[in-house]
Amino acid sequence: MSTVAPTLRPGAVLADLLPAATATRARVRDAALVAGGAVITGIAAQIALPVPGSPVPVTGQTFAALLVGASLGARRGLASLALYALAGIAGVPWFAGGAAGAGGATFGYVLGMLLAATAVGALARRGGDRGMLRTAATMFAGNAVIYAIGVPYLALSTGMSLDRAVAVGMVPFLIGDALKIALAVGALPTAWKLAGRRG
């Protein structure tokens with residue numbers, strides 16, 4: 001069996017490094033990547049630590065969602081997070097801490113992850129995951145998108161003021177976000193270097 005090395009067009013993401021000799025194999029590869037990204041996000045969501053005074057736990061799901069978007073690109077990243085969200089709405093207990101179903105105070109963060117994975121994937125196609133500073137900016141933008149949807153949703157769903165929602169739904173997580181960004185800054189450019197394809 002021969003392996004066909006992928007020919008990368010400008011604007012490739014890490015997933016494009018996986019070979020697919022035919023259009024059919026490319027579709028199978030993409031479907032597996034989309035499903036795998038949803039599963040990884042669901043597993044990461046089970047790493048959940050409560051934050052005193054906040055209905056929002058610290059989880060690994062936002063980090064996973066951003067890495068999925070960066071690795072798969074905008075289209076596959078969106079599809080992966082859409083699968084994650086729809087399966088969770090349908091009853092798969094893989095939202096934060098084993099929750100499932102639509103609604104709830106933290107569901108806005110799930111919706112934000114859909115858009116964040118898309119935005120991060122689009123930035124990665126423009127080289128946003130190739131260098132340390134670009135990766136940091138890309139991950140910062142992804143986190144900002146998650147908060148832009150999640151925090152107002154938290155305020156609306158709980159009846160708290162927007163200021164209070166920022167205080168309990170964003171501020172306690174900023175240090176953790178900085179650590180996640182640092183991990184991504186180490187992981188994504190390194191993955192490209194290991195693949196021998198610097199941007």
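## Ground rules

Since this is a prediction, local features need pLDDT of at least 70 and side-chain atom pairs count only at pLDDT 80 or more, while totals for chains, interfaces and linings use all residues. Residues are numbered from 1 along each chain as its sequence is written, and side-chain values use heavy atoms, with hydrogens and water left out.

Helices (H or I, at least four residues) and strands (E, at least two) are DSSP runs, numbered from the N terminus.

## How the helices pack

Let's start with H5 and H7. Their axes are 9 Å apart and the packing angle is about 140 degrees. That makes H5 oblique to H7. For the wording here, angles under 35 degrees count as roughly parallel, over 145 as roughly antiparallel, 65 to 115 as roughly perpendicular and the rest as oblique. The axes themselves are lines fitted to C-alpha atoms, for helices over the stretch in contact, and angles run from 0 to 180 degrees between N-to-C directions. H5 and H7 cross in a right-handed way (left-handed if the near helix is turned anticlockwise from the far one by less than a right angle, right-handed if clockwise).

H2 also packs on H5, at about 125 degrees and with the axes 10 Å apart, so these two are oblique to each other. The crossing of H2 past H5 is right-handed. Then there is the H3 and H4 pair, whose axes come within 7 Å and cross at roughly 165 degrees. That makes H3 roughly antiparallel to H4, and their crossing is right-handed.

How many cavities of 30 Å³ or more does a search of the whole structure find? The search turns up 1, and the largest cavity has a volume of about 30 Å³. On a 1 Å grid over the protein atoms alone, a cavity is a set of points where a 1.4 Å probe fits but cannot get out, a pocket is an open set with protein on both sides within 12 Å along at least five of seven lines, and lining residues have an atom within 4 Å of a point. Grid points are joined across faces, edges and corners, and a volume is the space filled by probe spheres set on the points.

The lining of the largest cavity is made of Thr62, Phe63, Leu66, Met139, Asn143, Lys180 and Ile181. Helix H2 (61-72), helix H5 (132-158) and helix H7 (174-195) each put in at least two residues, with the largest share, 3 residues, coming from H2. Sorted by class, the cavity lining has 4 nonpolar, 2 polar and 1 charged residues (Ala, Val, Leu, Ile, Met, Phe, Trp, Tyr, Cys and Pro count as nonpolar, Asp, Glu, Lys and Arg as charged, and the others, Gly among them, as polar).

One of those lining residues, Leu66, sits in helix H2 and is buried at 3% relative accessible area. Buried means under 20% relative accessible area, exposed over 50%, and partly exposed in between (1.4 Å probe, protein chains only). Leu66 and Met139 are 73 residues apart in sequence, yet their C-alpha atoms are 6.9 Å apart in space.

## The largest pocket

The largest pocket holds about 400 Å³ of space. Its lining runs to 28 residues, and Val56, Pro57, Thr59, Gln61 and Tyr109 lie nearest its centre. Strand E2 (58-59), H2, H4, H5 and H7 are the elements that give two or more residues to this lining.

Which element gives the largest share of the pocket lining? That would be H7, with 4 residues. By class, the pocket lining splits into 16 nonpolar, 10 polar and 2 charged residues.

Gly169 lies in helix H6 (residues 162-169) and is buried, with a relative accessible area of 0%. Its C-alpha atom is 12 Å from that of Ala144, 25 residues away along the chain.

Gly91 falls in the loop between helix H3 (74-90) and helix H4 (107-125), and is partly exposed at 41% relative accessible area. Leu18 comes in the segment before helix H1 (23-44) and also counts as partly exposed, at 40% relative accessibility. From Leu18 to Asp30, 12 residues apart along the chain, the C-alpha separation is 9.7 Å.
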